[in-house]
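Morning, everyone. Please have the model open as I talk.

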Amino acid sequence: GGEIYKELCFGCHGFDGKGMPMQGAPEGTTMAPSLSGSETLNSHRDAVVYVLLHGLSGPTQGKTYDAQMVAMNTNNDEWIAAAGSYVRNSFGNRGQLVKPGDVKRIRNAFKERKDPWTVETLLKRLPGPLSNRGEWKLSASHNPKTVANAVDGKIDSRFDTAGFQVPGMWFQIELPRVEQVCGVRLNAARSRNDFPRGYKLQISSDGREWGAPLAEGKGAGPLTEIDFATVGAKFIRITQTGSAAGSFWSIHEMQILTPPAK
């Protein structure tokens, strides 16, 4: 991914990812938007795949740039995944890696598309955060007094287990009503080693009987994205299945994702 960036992307986005300055233009004018802290790159990982496959046009964060992001869909799935993973984990960004399977899924779904996305049309394609976090009831098997920190909107505060990761630790959300959900994002932020070494996600209608896991896996960095097929849920529980001697399980901020509007 880094080699791809150095060959193709730096000319517009700059070596530091903050945009290549335009000669002769007012100070601060760049050819393309900054990738550092980019809302698109730090949203769902599908976003960067859409942009790399089909391009992006129009204003970005209220600014219009001379250099338009062109489609790169002549490159294979592994190339797109490598480039996307690199920019999602460089210039201060921290995101889950893009997999070739993610690229293949989106390429097949939009194989007839010829036009670039705009920011507005792109956001409509992405899962979005459930907006009623203030109504959630949270609980945890360990250190439950800190659960509210996971949804307080403050990246400097956190829920943590106050003990090293062991199988069976869980974090639970009770929603105010049944909601259609398709994913969960767990952000360990500056507690970068406190991501789940293993997890399973289950749902329940009553908080007592739990179905088979909708998703199982392991984190690999500060941001853990757990995707699953859209389902109606009232209770969501994430259970630790791994161990990490020396690391708590921490959640600085979490989101529950709802499917994009059809």
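When I say salt bridge, I mean a side-chain nitrogen of Lys or Arg within 4 Å of a carboxyl oxygen of Asp or Glu. One caution: this is a predicted model.

Let's start with D227. Its salt bridge partner is R45, and the closest N and O atoms are 2.8 Å apart. Where do the two sit? D227 is in strand β7, residues 223–240, while R45 is in the loop between α1 and α2, so this pair ties together parts 182 residues apart in sequence.

Now stay on R45. There is a second salt bridge here, to D102, with the closest N and O atoms 3.0 Å apart. D102 belongs to helix α4, residues 100–109, and R45 to the loop between α1 (2–13) and α2 (46–54), so parts 57 residues apart in sequence are tied together.

D227 is another case: at 30% relative accessible area, D227 is partly exposed.

Next pair. R185 forms a salt bridge with E225, and their closest N and O atoms are 2.6 Å apart. Again, distant parts of the chain are linked: R185 is in strand β4, residues 170–187, E225 is in strand β7, and they are 40 residues apart. R185 counts as buried at 11% relative accessibility. E225 counts as buried too, at 3%.

Across the structure, the count is 16 salt bridges.

Last topic: helix packing. Two packed helices are described by the angle between their axes and the distance between the axes. Here I mean α3, residues 77–88, and α4. Their axes come within 8 Å and cross at roughly 115°. The crossing is right-handed.

Which residues make the contact? From α3, they are D77, E78, I80 and A81. From α4, they are P100, V103, K104 and R107. By type, the contact of α3 with α4 has 4 nonpolar residues, no polar ones and 4 charged.

To recap on α4: this helix holds D102, the partner of R45, and its axis crosses that of α3. That's my part. Thanks.

Technical notes. Residues are numbered from 1 along each chain as its sequence is written. This is a predicted model: local features need pLDDT of at least 70, side-chain atom pairs count only at pLDDT 80 or more; totals for chains, interfaces and linings use all residues. Side-chain values use heavy atoms; hydrogens and water are left out. Helices (H or I, at least four residues) and strands (E, at least two) are DSSP runs, numbered from the N terminus. Buried means under 20% relative accessible area, exposed over 50%, partly exposed in between (1.4 Å probe, protein chains only). Axes are lines fitted to C-alpha atoms, for helices over the stretch in contact, and angles run from 0 to 180 degrees between N-to-C directions. A crossing is left-handed if the near helix is turned anticlockwise from the far one by less than a right angle, and right-handed if clockwise. Contact means heavy atoms within 4.5 Å. Ala, Val, Leu, Ile, Met, Phe, Trp, Tyr, Cys and Pro count as nonpolar, Asp, Glu, Lys and Arg as charged, and the others, Gly among them, as polar.
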